[in-house]
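Reader: I'm new to this one. Could you show it to me and let me ask how you know what you say?

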Amino acid sequence: MKKSSSRVLLGALLGGLFASVSSVAWADADLDKAVNTAGAWPIATGGYYSQHNSPLAQINKSNVKNVKAAWSFSTGVLNGHEGAPLVIGDMMYIHSAFPNNTYALNLNDPGKIVWQHKPKQDASTKAVMCCDVVDRGLAYGAGQIVKKQANGHLLALDAKSGKINWEVEVCDPKVGQTLTQAPFVAKDTVLMGCSGAELGVRGAVNAYDLKTGELKWRAFATGSDESIRLSKDFNKDNPHYGQFGLGLKTWEGDAWKIGGGTNWGWYAYDPKLNLFYYGSGNPAPWNETMRPGDNKWTMTIWGRDLDTGMAKWGYQKTPHDEWDFAGVNQMVLTDQPVNGKMTPLLSHIDRNGILYTLNRENGNLVVAEKVDPAVNVFKKVDLKTGTPVRDPEFATRMDHKGTNICPSAMGFHNQGVDSYDPESRTLYAGLNHICMDWEPFMLPYRAGQFFVGATLAMYPGPNGPTKKEMGQIRAFDLTTGKAKWTKWEKFAAWGGTLYTKGGLVWYATLDGYLKALDNKDGKELWNFKMPSGGIGSPMTYSFKGKQYVGSMYGVGGWPGVGLVFDLTDPSAGLGAVGAFKELQNHTQMGGGLMVFSL
């Protein structure tokens, strides 16, 4: 180690139903205090439960029309800006895309930078980053800002001075590993996973000591039970999900060693159960012919003990994934009545187009519903077995060009962070509506080089009002998994949503608008054109009695690779260039933060 110094939350938590956990201090004391402060924003996903909502209601349906830009900040970086800034006390912490700059601002005078951390990284790292050089954000704990760099380094900076307290190397870009996700802090632990499944990286979740940076444990997605860290009672309530030996047996030969399953998305944590939740990603390569078998444990929702990393349960959503439905998306934790008993639940909208709800204590599957009728790769999910029922017409086998496959490899949901309203039991989701053609080809594995094996063409799905729409904001009843209303967008709703108790659903659009919708019917109540397209997740905070809403801007990410890197081949960017060819007519590159208030 390198060192340098399908039902809902009804409990009245913190009086407003919006707190992730009660006020009992289960985690790091600094972070726990911030999590229980209504006007703070100390975790990228809004809290331990990843509900991405806020009890702030000063801005509401009746006055949102009066919201104006309050101030802005440019990061000086022009690639895609995902995620959102953090707010702790009177300080805001802002991140950028590569080279992963970090800025600290005092909200009393946001026009002045208190400190900045601008690392020097080898530009060659960018060549092994899939789908733009994004950074999904920061974490906070023990008086430190925890950040990562694309080159595989994880750092803890003193929140007051920016001084490096510790720095460790998590992964190696030379073999295709990079860091893009937001670190996650719970108790005395920092969780971090490498990107790189598209380069044959073997995925793992890594746990580091918050105060020292020492590695506590590492759990892989493929391989032996010991390396995957399966508990002795793993999946005891659902043995049909699979139990032991499958991380080796469901792969041919040693293919598991380059089998993907990376996690670069979001984590959630239940302090009462001391379990954290996340998804392992797609298997490698994309060409399914090259890796027969179920390819466990890629594409899996995990429930792991935070202290030991041992997996209590795991549910593989897409066995033998053949469409790149990387399952790393957000896990939303709620407590809801099931069969008359209050039950801890987890809801997850997967890239495969299915909204899942499971008992987060044991993995029991409660709900599995399509998020859009256009989903055709599966006919349904069998609730008894948990297995998706495939439609062979939309398979991706060799010597066959699959057409009109829905969803596309981008999924009907991707990296965006969505929001939950516990009072109406509604999840507000930013969705893609993109389908594809897929033609596989064989290729050898070479360390540090892309290991995909498919040529893609992407285009709008069939259900938009004009058949050209590629995005939607959709409200789902988590009791049933059914949609309540839909607001269509020209481009994919990549960054997700924020819900505030004033009855508003906020989101940014790829063509550069920040919008606010009425949570009851999806009617648009307000919008503002930002300097560049938005692929981040809006956040909110209060300061000196005033509510603010912030949103990163900076077009990019997978949908924006054509614009960002000036690509014209429709199949480039793994099919994104053709799908989003019109985006350059609506926005151009930028990078920064816009903050709004009444």
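**Ser347 and its surroundings**

Author: Let's start with a pair: the side chains of Ser347 and Thr357 are joined by a polar contact of 2.8 Å.

Reader: Why is the link between Ser347 and Thr357 called a polar contact?

Author: A polar contact is a pair of N or O atoms within 3.5 Å; within protein, one must be able to donate a hydrogen and the other to accept it, and residues adjacent in sequence count only if both atoms are side-chain atoms. The Ser347–Thr357 pair sits at 2.8 Å, so it falls within the 3.5 Å limit. A word on where this comes from: the model is predicted, local features need pLDDT of at least 70, side-chain atom pairs count only at pLDDT 80 or more, and totals for chains, interfaces and linings use all residues. Residues are numbered from 1 along each chain as its sequence is written, and side-chain values use heavy atoms, with hydrogens and water left out.

Reader: Is Ser347 buried or exposed, and how do you know?

Author: Buried means under 20% relative accessible area, exposed over 50%, and partly exposed in between (1.4 Å probe, protein chains only). Ser347 has 1% relative accessibility, so it counts as buried. It belongs to strand β20 (residues 341–349); strands here are DSSP runs of E with at least two residues, helices are runs of H or I with at least four, and both are numbered from the N terminus.

Reader: What does Ser347 touch?

Author: Setting aside residues up to four places away in sequence, Ser347 touches Gln330, Met331, Val332, Tyr356, Thr357 and Leu478. Contact here means heavy atoms within 4.5 Å.

Reader: What makes β20 and β21 a pair?

Author: Two strands pair if DSSP finds at least two bridges between them. β20 and β21 run antiparallel and are joined by five bridges, so they pass that test. Ile349 has Leu355 in β21 as its bridge partner. The two strands form a hairpin with four residues between them, and Gly353 in the turn has a positive phi of about 90 degrees.

Reader: Why is β21 called largely enclosed?

Author: Six of the six residues of β21 (residues 354–359) are buried, so the rest of the structure largely encloses this strand. Ile354, Tyr356 and Leu358 are buried on one side, and Leu355, Thr357 and Asn359 are buried on the other. In a regular strand, side chains alternate between the two faces of the sheet.

Reader: What makes a set of residues the largest nonpolar core here?

Author: A nonpolar core is a set of buried Ala, Val, Leu, Ile, Met, Phe, Trp, Tyr and Cys residues joined through side-chain atoms within 4.5 Å. The largest such core has 119 residues, and Trp558 and Phe580 have the most contacts inside it. A second, separate core of 32 residues includes Leu504, Trp526, Met530 and Tyr548.

Reader: Why is Met310 called partly exposed?

Author: Met310 has a relative accessible area of 27%, which lies between the 20% and 50% limits, so it is partly exposed. Met310 is in the loop between β17 (300–305) and β18.

**An open sheet**

Reader: What makes β2 and β36 the edges of their sheet?

Author: The open sheet has four strands in the order β2-β38-β37-β36, with antiparallel pairing. β2 (68–74) and β36 (539–543) each have a single partner strand, so one side of each lacks a neighbour in the sheet. Inside it, β37 (residues 546–553) and β38 (residues 592–597) pair over five bridges, and Met552 stands opposite Leu593 in β38.
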